[in-house]
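This report looks at the fold of a protein and then at its aromatic side chains. Please keep the sequence and the structure in view while reading.

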Amino acid sequence: MRETVKVRFYDSVNDDLLKFAVIIARTGGKWVFCKHKERDTYEVPGGHREVGEPIFDTAKRELYEETGAIDFEITPICVYSVTAKDNFDGEETFGMLYYADVRTFEAELHSEIEKIIITDKLVEHWTYPLIQPKLLEEAKRRGYL
């Protein structure tokens, strides 16, 4: 049986429910994707919120850590949720989706990310193929892409 993953979108939820920040990043009109050191797939930057950290700060920190972005504009798009059997015991988990326009990158990455790619086209080998393309579709639907 195929694993079902439900992705939903909300305008807002209670802030303490937000566990992740995911950032759709572009630079010079091109996509910015990350490749984790332990995977052969690509993903948009993002990660877990630290205890006591404002979710907007999570987004800025993750964008910096995973892409080296140091000069950028970042805008919240919406709240998303993921529900899957193999994710948090099947509980609906929430994150905040952002859009970032990056002007400048540092030369060196400071995280588990092996490299970033900057490309005209969307990647084909997603780390989370049942989630991340839906995040991009929603950002486009809401007028951010």
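## Fold

In what order do the elements of the protein run from the N terminus on? The model, which is a predicted one, gives the order β-β-β-β-α-β-β-β-α, with two helices and seven strands in the protein.

## Overall dimensions and surface

The C-alpha trace spans about 40 × 35 × 30 Å along the principal axes, and the radius of gyration of 14 Å agrees with the value near 15 Å that a compact globule of 145 residues would have. Of the contacts with a separation of 6 or more, 73% are accounted for by residues 24 or more positions apart.

Buried residues amount to 44% of the 145 residues, while the protein exposes about 8200 Å², of which carbon and sulfur atoms supply 49%. There are 20 positive and 28 negative side chains, and the centres of these two sets lie 6 Å apart.

## Aromatic pairs

Four aromatic pairs are found in a search of the whole structure. One of them joins Phe33 and Trp126, whose ring centres are 5.5 Å apart and whose planes stand at 90 degrees, so the pair is edge-to-face. Because Phe33 belongs to strand E3 and Trp126 to the loop between strand E7 and helix H2, this pair ties together parts that are 93 residues apart in sequence. Phe33 is buried at 0% relative accessibility, and Trp126 is likewise buried, at 11%.

The rings of Phe56 and Tyr98 have centres 5.9 Å apart and planes at 55 degrees, so this pair is tilted. Phe56 lies in helix H1 and Tyr98 in strand E6, so parts 42 residues apart in sequence are tied together. Phe56 is partly exposed at 33% relative accessibility, whereas Tyr98 is buried at 2%.

How values were computed
Residues are numbered from 1 along each chain as its sequence is written. This is a predicted model: local features need pLDDT of at least 70, side-chain atom pairs count only at pLDDT 80 or more; totals for chains, interfaces and linings use all residues. Side-chain values use heavy atoms; hydrogens and water are left out. Helices (H or I, at least four residues) and strands (E, at least two) are DSSP runs, numbered from the N terminus. The radius of gyration is taken over C-alpha atoms; the globule rule is 2.2 Å times the number of residues to the power 0.38. Buried means under 20% relative accessible area, exposed over 50%, partly exposed in between (1.4 Å probe, protein chains only). Contact means heavy atoms within 4.5 Å. Accessible areas come from the Shrake-Rupley method with a 1.4 Å probe; for residues, only the protein chains shown count as cover. Lys and Arg count as positive and Asp and Glu as negative; His and the chain ends are not counted. The place of a charge is taken as NZ of Lys, CZ of Arg, CG of Asp or CD of Glu. Rings of Phe, Tyr and Trp (its six-membered ring) pair if their centres lie within 6.5 Å; planes under 30 degrees apart count as stacked, over 60 as edge-to-face and the rest as tilted.
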